[in-house]
Amino acid sequence: MDIWLTDNFPTMTAVERKAFMQQATSVDMPSSLHTGVSETFAGRNTLLKRQMDASDLYSASESNINAYVNALRNQSYTNAQIEAFRQSIHARNSALGLYE
């Protein structure tokens with residue numbers, strides 16, 4: 001998100017970017033799920049990945065959500081629950097002005 005903010009709000013200070021990112025949408029996942037499937041855990045969050053995500057935040061959100069779908073199903077979440085989770089993330093990101 002830092003790259004997206006820098007590109008779209010070049011006058012925003014580092015302190016302002018940090019404050020915005022602290023308000024960004026996040027999801028609390030069990031560490032076993034996060035470490036196993038997250039697209040951004042450890043070395044998976046490369047500069048190229050961050051640049052690609054910054055170019056299309058909606059697609060980045062979709063990709064991140066999709067990375068968890070099978071793991072959530074294995075934890076007995078239903079498709080309806082996963083879709084509600086997806087919609088709530090997109091609604092919050094839209095409300096923050098990250099995308100329409």
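Predicted model: local features only at pLDDT ≥ 70, side-chain atom pairs only at ≥ 80, totals over all residues.
Helix H4 (residues 47-55) has three buried residues: Lys-49, Asp-53 and Ala-54. Buried means under 20% relative accessible area, exposed means over 50%, and partly exposed lies in between (1.4 Å probe, protein chains only). Helices are DSSP runs of H or I with at least four residues, strands are runs of E with at least two, and both are numbered from the N terminus.

Residues are numbered from 1 along each chain as its sequence is written, and side-chain values use heavy atoms, with hydrogens and water left out.

Next, the nonpolar cores. In soluble globular proteins, nonpolar side chains tend to be buried together. A nonpolar core here is a set of buried Ala, Val, Leu, Ile, Met, Phe, Trp, Tyr and Cys residues joined through side-chain atoms within 4.5 Å. The largest one has 10 residues, including Met-29, Leu-33, Ile-65, Phe-85 and Ile-89. H5 and H6 each supply at least two residues of this core. H5 gives the largest share, five residues. Which residues does Phe-85 contact, leaving aside its neighbours within four places in sequence? They are Val-27, Met-29, Ile-65 and Leu-72. Contact means heavy atoms within 4.5 Å. Another core, of six residues, lies apart from the largest one; Trp-4, Leu-5, Leu-57 and Leu-98 are among its members.

Now the aromatic rings. The whole structure holds two aromatic pairs. Rings of Phe, Tyr and Trp (its six-membered ring) pair if their centres lie within 6.5 Å; planes under 30 degrees apart count as stacked, over 60 as edge-to-face and the rest as tilted. Trp-4 and Phe-9 pair edge-to-face, at 5.8 Å centre to centre with 70 degrees between the planes. Trp-4 is buried, at 12% relative accessible area. Phe-9 is partly exposed, at 38%.

Tyr-58 and Tyr-99 have ring centres 5.1 Å apart and planes at 85 degrees, so this pair is edge-to-face. The pair links distant parts of the chain, 41 residues apart: Tyr-58 is in helix H5 (residues 57-74), and Tyr-99 is in the segment after helix H6 (79-95). Tyr-58 is partly exposed, at 36% relative accessible area. Tyr-99 counts as buried, at 12%.
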